[in-house]
Number of protein chains: 2
Amino acid sequence: MSGAVVLLSGGLDSTTTLAIALDRDRDVIALSFRYGQRHSRELDSARAVAEHYGVRHIVVDLDLSSFTSSALTSDEVDVPDADTHPVGEDIPVTYVPARNIIMLSVAAGLCETVGADSIYIGANAVDYSGYPDCRPEFFESYERLLAVGTKVGVEGHPIALETPIIAMTKAEIVGMGMAMGAPLHLTWSCYRGGDRACGRCDSCVLRLAGFQDAGYEDAIEYEVR
Amino acid sequence: MSGAVVLLSGGLDSTTTLAIALDRDRDVIALSFRYGQRHSRELDSARAVAEHYGVRHIVVDLDLSSFTSSALTSDEVDVPDADTHPVGEDIPVTYVPARNIIMLSVAAGLCETVGADSIYIGANAVDYSGYPDCRPEFFESYERLLAVGTKVGVEGHPIALETPIIAMTKAEIVGMGMAMGAPLHLTWSCYRGGDRACGRCDSCVLRLAGFQDAGYEDAIEYEVR
């Protein structure tokens with residue numbers, strides 16, 4: 001079969017990546033994680049996006065809150081506003097240790113189980129904010145690992161790791177998502193919870209600029225924009 | 001600091017590995033997983049071993065039973081007896097897809113969080129039963145991944161992946177464990193649950209032969225031996 005596991009956070013990037021996988025006629029399973037996030041807004045969006053496309057959606061519980069110290073999972077660390085923390089400088093406090101390594105590993109297990117031959121991840125190296133596990137050399141290394149460390153890899157059918165938006169700017173991602181009819185109005189990017197996106201964190205600022213540069217209106221609601 | 005995260009399943013191999021890490025004066029955190037095992041016997045043993053040594057013990061919930069088809073996590077697949085399935089031939093049904101890839105990824109996240117500089121895993125390539133993610137080339141590949149995909153790796157302090165018993169026979173592992181005073185009487189190896197080890201599955205058969213070849217008595221109880 002030509003099956004793919006698509007990591008779906010519920011954000012703009014992973015939703016556009018899901019649209020690309022479906023456009024390539026892949027038989028898709030969407031995979032999300034409940035990893036001790038401070039709010040469930042992202043997961044709600046992931047569910048809505050999967051439902052929009054009618055694809056199978058698996059949510060794996062992986063509660064790392066017992067040991068991670070990142071601002072995304074801990075109540076004790078504040079999410080910084082973008083203007084106090086320039087994007088691209090150093091590794092930000094919103095970094096969840098080894099998060100992509102962990103999520104890809106579960107995706108690999110799922111691929112082996114269902115016989116899917118590829119993993120799609122909406123990582124991006126342009127607006128990557130300094131995360132080491134969003135760089136192309138990381139994904140190349142992971143693909144080599146999957147070739148030697150999985151049953152299918154050893155048997156000569158290694159799992160492919162697809163990063164279709166890795167070299168796109170945020171504006172290009174928005175443009176592609178909109179052109180493909182992806183339900184970007186259902187997505188959530190804000191690092192903070194709440195009914196509306198804050199409009200001030202790194203993620204909101206990048207998203208808003210992406211829509212503006214792409215020439216589209218962002219249909220979600222913001223506190224400030 | 002010279003800290004280590006030790007993957008502790010509660011079995012013979014991981015307990016001996018823990019003893020080795022402690023012998024090397026490492027500041028140890030033991031890490032176990034609740035991954036939808038059919039029985040909790042192994043985890044009980046992990047707890048008892050960690051307590052024996054007085055080391056911090058973290059159990060991470062990672063329920064993969066929703067998608068794995070392995071005999072170790074699914075009620076629908078029978079655990080084969082050793083005599084119906086020669087060890088070392090093909091990849092056995094007791095293989096949990098990508099299990100070591102997944103557990104190592106969480107260990108890497110924990111290392112980054114607490115500032116530990118190494119991961120110890122009691123993998124073994126001699127009695128490895130055909131698991132692709134127990135081979136030395138897999139661990140070498142994983143160490144390279146950690147160098148490019150983690151914050152500490154990128155900053156020039158890559159996490160080391162230690163596999164101290166990878167080239168030992170089961171008898172050598174038993175001999176080393178006993179010589180170091182490791183609490184092997186608290187460990188659990190049987191793939192089946194129950195009050196006593198079955199004595200018939202691959203894992204029991206290997207363990208019993210290991211004790212016999214090492215010239216020690218296995219202090220745990222068996223149904224058959």
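What share of the 225 residues in chain A is buried?

1. Buried residues account for 50% of the 225 residues in chain A, a residue being buried if 20 or more other C-beta atoms, placed from the backbone, lie within 10 Å of its own. This is a predicted model, in which local features need pLDDT of at least 70 and side-chain atom pairs count only at pLDDT 80 or more, while totals for chains, interfaces and linings use all residues. Residues are numbered from 1 along each chain as its sequence is written, and chains are lettered from A and ligands numbered from 1 in the order in which they are written.

2. Chain A has seven helices and five strands, these being DSSP runs (helices H or I, at least four residues; strands E, at least two) numbered from the N terminus. Along the sequence the pattern of chain A reads β-α-β-α-β-α-β-α-α-β-α-α.

3. In chain B, five strands form an open sheet with parallel pairing in the order 3-2-1-4-5, where two strands pair if DSSP finds at least two bridges between them. The edge strands, strand 3 and strand 5 (160-162) of chain B, each pair on one side only.

4. Strand 1 (residues 3-7) and strand 2 (residues 27-34) of chain B pair in the parallel sense over five bridges, and Gly3(B) stands opposite Asp27(B) in strand 2 of chain B.

5. Between the chains, 36 residues of chain B are in contact with 36 residues of chain A, contact requiring C-beta atoms, placed from the backbone, within 7 Å. Helix 3 of chain B supplies the largest share of the side of chain B that touches chain A, nine residues.

Terms used:
Buried ≥ 20, exposed ≤ 12 C-beta atoms within 10 Å, placed from the backbone. Contact = placed C-beta atoms within 7 Å.
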